[in-house]
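Below are some comments on the model you sent. Please read them with the structure open.

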Amino acid sequence: LVAARMPAVMAFDHLYYLLRLAVAGFCIGGPFYLIGLYLRYRQGVLPAPRVRFRDKMLDAFLVVGSIAVIAVGIVGARVIVQENERAVQNQLRQNLDRVEEALLMKAQRGEMLYRVAERVRIDSLAQQVGLDVNLYEAGRLIASSRPRLVRDRLIDTRIPAAAYQALHMDGYRFTTTEEQFGAFTYTVGFQALPDEGGVPRYVLAVPTLPEQERIQDERARTLAYLLGALLLLIVVIMVTALFLSNALAQPIARLRAGLEAVGKGRYAQRLPVDTRDEIGELVQTFNEMREQLVESRRRLAQQEREMAWREMARQVAHEIKNPLTPMKLSVQ
């Protein structure tokens, strides 16, 4: 038998690559960033005496986005794990139904399934359905398609307590449990074969041992896709925050420059109104106040000129009046 294989790269795999690059970059750059913060703190540069509005906006977006992404990641990971477990349980139920259908095909007319299980070899049944099958009676393993694992004591000869409780005492027909194969965890599905009185006579068990690695790989891949998508979401949030902060900071910077120009006595500059939101209204108000200030300065200058002319006229009249008084007296 000759087999060849090649990696199948899907579009979602790039999210996993992005996650790996981000984690590697964080692990490499994180310590240097912390060392830089410590050195800047020792030099007295931190905390910074002046913080720009743009940086505050970016920090706020980063904090809010990180909290939202972490919450979505936790909930999404739980949902993925639960959906994976539910899918495994459905698969085990379908596998056990296939085993019962194989028994039903070997049954005679009106024969109960537990009687068919008594006379059918478990290895031939497992070969027919293509699954690993174990058969329990009264809580003890009586037949297995993997006898070597039983001889090596890698499979317990007793049914798990949780499965026995669910099938024999609680009356469930189907249940699943988590089992250990050394350090390897896998899921086993159990289904009862009741007798004429409805009491479980035998219990069929189908483990996911041959497929557990694939199941775990699919779960890990889905989680990696989720984390990669969330990381991409953080990048999108930061890029959006960068554009929004620039869009908000530029009008404020122009407004600050206009206030500085007014403080230095330059009133000719009128700020452009680019937006129709509160920032635009603020710029419009500043322009109106600038025009009012220009008008007030013009009126004040005119009043100062009028007062100067009045003072000059008063002084001229006084100077004219001074020689007229002795002339009047002389005439009198």
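Predicted model: local features only at pLDDT ≥ 70, side-chain atom pairs only at ≥ 80, totals over all residues.

1. The protein chain contains eight helices and five strands. In sequence order the elements run α-α-α-α-β-β-α-α-β-β-β-α-α.

2. Overall dimensions. The radius of gyration of the protein chain is 43 Å, whereas a compact globule of 332 residues would come out near 20 Å. The C-alpha trace spans about 160 × 45 × 40 Å along its principal axes.

3. Burial and surface. Buried residues make up 27% of the 332 in the protein chain. Among contacts with a separation of 6 or more, 54% join residues 24 or more positions apart.

4. Helices α2 and α4. Helix α2 covers residues 53-106 and helix α4 residues 122-129; their axes come within 10 Å and cross at roughly 115 degrees. The crossing is right-handed. On the α2 side the contact uses Arg98, Val99, Ala102, Leu103 and Lys106, and on the α4 side Leu125, Gln128 and Val129. By type, the residues of this contact are five nonpolar, one polar and two charged.

5. Alanine 138. Which loop holds alanine 138? The one between β1 (134-137) and β2 (140-144). Phi of alanine 138 is near 55 degrees, a positive value in a residue other than glycine. Most residues other than glycine have a negative phi. Alanine 138 counts as exposed because its relative accessibility is 64%, and the cut-off for exposed is over 50%.

Definitions and conventions
Residues numbered from 1 in each chain as written. Heavy atoms only, no water. Helix = DSSP H or I, 4+ residues; strand = E, 2+ residues; numbered from the N terminus. Buried < 20%, exposed > 50% of the residue type's maximum accessible area, 1.4 Å probe, protein only. Axes fitted to C-alpha atoms, helices over the stretch in contact; angles between N-to-C directions. Left-handed = near helix turned anticlockwise from the far one by under 90°. Contact = heavy atoms within 4.5 Å. Nonpolar A, V, L, I, M, F, W, Y, C, P; charged D, E, K, R; others polar. Rg over C-alpha atoms; globule rule 2.2 N^0.38 Å.
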